[in-house]
Amino acid sequence: MNLEQLRKHPSFPFLAFKQNDLEFLLLEMFWAEFFRDCLGKLKDAQDWVPLFPAERDGVPILVVANTRRNRAVRIHLRSNEDDKPLYPSGSPEMPGEYFLPLDLWLDEVRDAAGATAYPAVVISTDMSPSALDMTRQVLTQFCREDEPTGPTQAWLDRYYEELSKRGYHWK
Amino acid sequence: MGGTSRSTLGASPITLSVPIPALTGAANAQTTYAMLDNTQRGIREAAFAKALKWLSERPANGGFLGQKSFEVSGVRGGIRFDIDSFGPSNNFVT
């Protein structure tokens with residue numbers, strides 16, 4: 001199935017993946033196709049290889065690396081299971097009180113032997129259209145820039161500044 | 001432990017010639033947690049508890065290689081408790 005077919009699937013966005021094996025499988029396929037779609041050209045996608053399988057709780061749902069370009073990407077899924085209010089303005093540090101659909105950080109991702117450490121971005125996102133749109137922006141930039149960490153940090157700083165001013169307001 | 005940059009804080013990694021027991025992993029996690037001040041511990045309390053629960057629920061043969069994050073929900077900044085596992089065999093055997 002391609003990305004469009006997955007988006008049109010009656011179970012999309014596969015929120016029951018923790019209980020439902022089929023939805024989990026479809027979610028894995030969605031993230032592989034989503035990532036491939038962010039890269040654009042087929043030849044760009046060929047350099048990326050999976051490092052680890054998806055975990056059943058969606059953390060991570062995708063881990064891929066590109067040796068030639070010395071970088072990696074890890075995606076975590078999050079969901080608002082308790083229907084908490086969205087993260088408000090003012091940058092409160094109150095664990096468990098609010099829901100933030102998207103957070104991300106720069107990190108190192110290692111291969112299974114632990115021998116190779118790739119500069120990486122870790123994106124923790126829910127499946128909402130706004131968070132997926134921003135995830136696409138970050139992934140596209142991170143995968144295409146020659147030196148990706150600076151622009152990604154700048155993107156992150158702008159995101160946090162906006163969060164601080166207005167809370168999570170994207171729809 | 002980590003935030004949005006690549007700087008992290010943690011106990012020295014465990015290196016063994018056999019798969020690492022889950023209890024050894026949990027002891028290492030406790031060492032990392034003890035390195036934090038009270039404020040840092042407070043915000044990560046629930047994430048740390050989830051990490052210990054996850055370690056305690058590993059199958060008998062271990063079954064994990066890779067990097068696992070237990071995120072602090074509802075805050076920004078990549079605040080989390082990480083457990084990393086590498087090597088020729090699955091770690092955290094019980």
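Which strands of chain A does helix α4 (residues 129–144) lie across? In this predicted model, features described locally need a pLDDT of at least 70 and side-chain atom pairs count only at pLDDT 80 or more, while totals for chains, interfaces and linings use all residues. Residues are numbered from 1 along each chain as its sequence is written, with chains lettered from A and ligands numbered from 1 in the order in which they are written. The answer for α4 of chain A is β3 (71–77), β4 and β5 (117–125), and the helix runs at about 170 degrees to β5(A). Axes here are lines fitted to C-alpha atoms, for helices over the stretch in contact, and angles run from 0 to 180 degrees between N-to-C directions. Another helix, α5 (residues 149–166) of chain A, packs on the sheet too, touching β4 and β5 of chain A, and its direction makes about 155 degrees with that of β4(A).

Now for chain A as a whole. Its secondary structure comes to five helices and five strands, and from the N terminus on the elements run α-α-α-β-β-β-β-β-α-α. Helices (H or I, at least four residues) and strands (E, at least two) are DSSP runs, numbered from the N terminus. The radius of gyration of chain A is 16 Å, close to the 16 Å that the globule rule gives for 171 residues, so the chain is as compact as a globular protein of that length. That radius is taken over C-alpha atoms, and the rule is 2.2 Å times the number of residues to the power 0.38. Along its principal axes, the C-alpha trace of chain A spans about 40 × 40 × 30 Å. Of its 171 residues, 34% are buried, where buried means that 20 or more other C-beta atoms, placed from the backbone, lie within 10 Å of the residue's own. Among contacts in chain A between residues at least 6 apart in sequence, 50% join residues at least 24 apart; two residues are in contact if their C-beta atoms, placed from the backbone, lie within 7 Å.

Back to the sheet. Strands of a sheet pair through backbone hydrogen bonds, either parallel or antiparallel. The five strands of chain A make an open sheet in the order β1-β2-β3-β5-β4, with mixed pairing. At the edges stand β1 (49–50) and β4 (102–110) of chain A, each with a single partner strand, so one side of each has no neighbour in the sheet. Two strands pair if DSSP finds at least two bridges between them. β1(A) pairs with β2 (residues 62–66) of chain A in the antiparallel sense over two bridges, and A:Pro50 has A:Val64 of β2(A) as its bridge partner. On to β3(A): β2(A) pairs with β3(A) in the antiparallel sense as well, over five bridges, and here the bridge partner of A:Val64 is A:Val73. β2(A) and β3(A) form a hairpin with four residues between them, and A:Asn70 in the turn has a positive phi of about 50 degrees. β2(A) is mostly covered, with four of its five residues buried.

What about the other chain? Chain B has two helices and two strands, running α-α-β-β from the N terminus on. A compact globule of 94 residues would have a radius of gyration near 12 Å, and the 13 Å of chain B agrees with that. Its C-alpha atoms fill a box of roughly 35 × 25 × 20 Å along the principal axes, and 37% of its 94 residues count as buried. The axes of α1 (residues 22–34) and α2 (residues 38–56) of chain B come within 10 Å and cross at roughly 175 degrees. That makes α1(B) roughly antiparallel to α2(B), a label for angles over 145 degrees. Residues making this contact include B:Ala22 and B:Tyr33 of α1(B), and B:Phe48 and B:Leu52 of α2(B).

Finally, the two chains meet: 30 residues of chain A are in contact with 21 residues of chain B. On the side of chain A that touches chain B, β4 and α5 of chain A are the elements that give two or more residues, and the largest share, eight residues, comes from β4(A).

Key:
Buried ≥ 20, exposed ≤ 12 C-beta atoms within 10 Å, placed from the backbone. Parallel < 35°, antiparallel > 145°, perpendicular 65-115°, else oblique.
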